Amino acid sequence: MNTASMDAFAKNIAALVPHVVEARNKMASGTASVVHPGAFYDAYQLRSQTSGPNGGAGLQQRYYNVLDDLAEGLQDISTGMQQLSKKHSTTEELNRLKTSDLLEALGNASADFQRLGNDSGATVTSTGGSSTTTGNQNGGSGGTTKT
């Protein structure tokens, strides 16, 4: 790997972030559509599961949280690769790059993707190797990525 390829990778990942943020913003509470299926028991159950009783909850909120986590994770990957590229600008410095340096640069992204799995309703192992679906889980409140 060389710094040019690291910079190209970081640039390509960063180019994805605005699209994910746009999708996330369309899912934001108050701007996304609330399901209004009718006024009978099964319809209320559908609405509750999809967008919550008044919007901004249920599956809608989980998708918002996942998109938020994805935007943050992609941005953290891009930032980490840019930092590595600046820190290790010569071939000799790249040859001395340690796994711990790479893990440190991408550590924030790992946490974002762990949270992404949890917010989606899955339980993710710390290595990201496998996941299992859990019950009805609304996910946590992720941070926001501003671009």
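**How the helices pack**

Modeller: Let's start with helix H2 (residues 41-51) and H3, whose axes come within 2 Å and cross at roughly 15°. This is a predicted model, where local features need pLDDT of at least 70 and side-chain atom pairs count only at pLDDT 80 or more, while totals for chains, interfaces and linings use all residues. Residues are numbered from 1 along each chain as its sequence is written, and side-chain values use heavy atoms, leaving out hydrogens and water.

A few words on terms. Helices (H or I, at least four residues) and strands (E, at least two) are DSSP runs, numbered from the N terminus. Axes are lines fitted to C-alpha atoms, for helices over the stretch in contact, with angles from 0 to 180 degrees between N-to-C directions.

Back to our pair: H2 and H3 are therefore roughly parallel to each other (angles under 35 degrees count as roughly parallel, over 145 as roughly antiparallel, 65 to 115 as roughly perpendicular and the rest as oblique). On the H2 side, the contact (heavy atoms within 4.5 Å) is made by Ser 48, Gln 49, Thr 50 and Ser 51, and on the H3 side by Gly 58, Leu 59 and Gln 60. Sorted by class, the contact of H2 with H3 has one nonpolar residue, six polar and no charged ones. Here Ala, Val, Leu, Ile, Met, Phe, Trp, Tyr, Cys and Pro count as nonpolar, Asp, Glu, Lys and Arg as charged, and the others, Gly among them, as polar.

Now for another partner of H3. Helix H1 (residues 3-26) packs with helix H3 (residues 58-87) at an angle of about 160°, their axes 8 Å apart. H1 and H3 are therefore roughly antiparallel to each other. Their contact involves 18 nonpolar, five polar and three charged residues. The crossing of H1 and H3 is left-handed, meaning that the near helix is turned anticlockwise from the far one by less than a right angle (clockwise would be right-handed).

Zoom in on Ser 78, which sits in helix H3. Ser 78 is buried, with a relative accessible area of 1% (buried means under 20%, exposed over 50%, partly exposed in between, with a 1.4 Å probe and protein chains only). Leaving aside residues up to four places away in sequence, Ser 78 touches Ala 10, Ile 13 and Ala 14.

Finally, step back to the chain, which has five helices and two strands. From the N terminus on, its elements run α-α-α-α-α-β-β. Of its 147 residues, 30% count as buried.
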